[in-house]
Amino acid sequence: MSNEGNKGPPSAITLGFSILTHFLLVAPVIYILVVAFRNYSFFSWHPICMSVGVGLLITEAVFSVSGEAYISWKLPRRNRVTIHWILHTIGLTLLGIGFIIIIVNKVNNNKFHFTTTHSQLGLTTIILSVLVAAFGILANNTVWIYPRVRPILIKVAHACGGIGMTILLLATLINGTYSHWWHHSGTETGRDLVFASLFFAGVLILVKPILGAVSRCRVVFGPPSSES
């Protein structure tokens, strides 16, 4: 019986890396939720949906595939990919709900749409997230396009797009703390801590995906290997 692909339990260092990463994600999300409920209104559901969708679900979806210390480390990669797309689907659904809430809130208050940097960045990020998710469906079902398109090209495109999407989502979430709403609900110190926490969490989450994407790009776009 082959043991190929089997991995032992995560090391203490890897486990510590995972705990630190999750703390850096959970702490700012909890703080944003506290701020949102402090001055509760219909609008509060926008930051609630966005922070949970991005800070807890979508980032965890990335970590579920790339992270070494994951609760399902015994599962094969195929099952981890399933967890990846389920978490992404729930996270993107929350983003869609948060997007609808802000649209309705603007209509109810007779305000113009997409006039701020945060709203424009958010709209762009949501559109790109849907496109990256579509590539993810293709990456998980490459038989649909093979042999017309090499599967590795779709996987590289999805990986690079996913990295960019994660950066944009975290940037949009951080940018939201510089909005007019935050000045009435949160503090500058809290905003700085949210910024630092999400920034370093993003770096820790994306280290391995970036290295993997670079390695795949070298295979795809590098010179062909010579065989003797």
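The second largest pocket of this predicted model is lined by 37 residues, and Phe43, His46, Ile102, His118 and Ser179 lie nearest its centre. A pocket is an open set of points on a 1 Å grid over the protein atoms alone, with protein on both sides within 12 Å along at least five of seven lines, and lining residues have an atom within 4 Å of a point. The space in the second largest pocket is about 890 Å³, a volume being the space filled by probe spheres set on the points. At least two lining residues each come from helices H2 (45-66), H3, H4 (117-140), H5 (151-176) and H6 (180-185). Helices are DSSP runs of H or I with at least four residues, numbered from the N terminus. H3 gives the largest share of the lining, 6 residues. By class, the lining holds 17 nonpolar, 18 polar and 2 charged residues; Asp, Glu, Lys and Arg count as charged, Ala, Val, Leu, Ile, Met, Phe, Trp, Tyr, Cys and Pro as nonpolar, and the others as polar.

Helix H3 spans residues 77-108 and contains Ile83. Ile83 has a relative accessible area of 22% and is therefore partly exposed (between buried, under 20%, and exposed, over 50%, with a 1.4 Å probe and protein chains only).

Phe195 belongs to helix H7 (residues 188-221) and is partly exposed, at 36% relative accessibility.

Residues are numbered from 1 along each chain as its sequence is written. Local features need pLDDT of at least 70, side-chain atom pairs count only at pLDDT 80 or more, and totals for chains, interfaces and linings use all residues, while side-chain values use heavy atoms, without hydrogens and water.

Notes. 1 Å grid on protein atoms, 1.4 Å probe; cavity = no way out; pocket = protein on both sides within 12 Å on 5 of 7 lines; lining within 4 Å.
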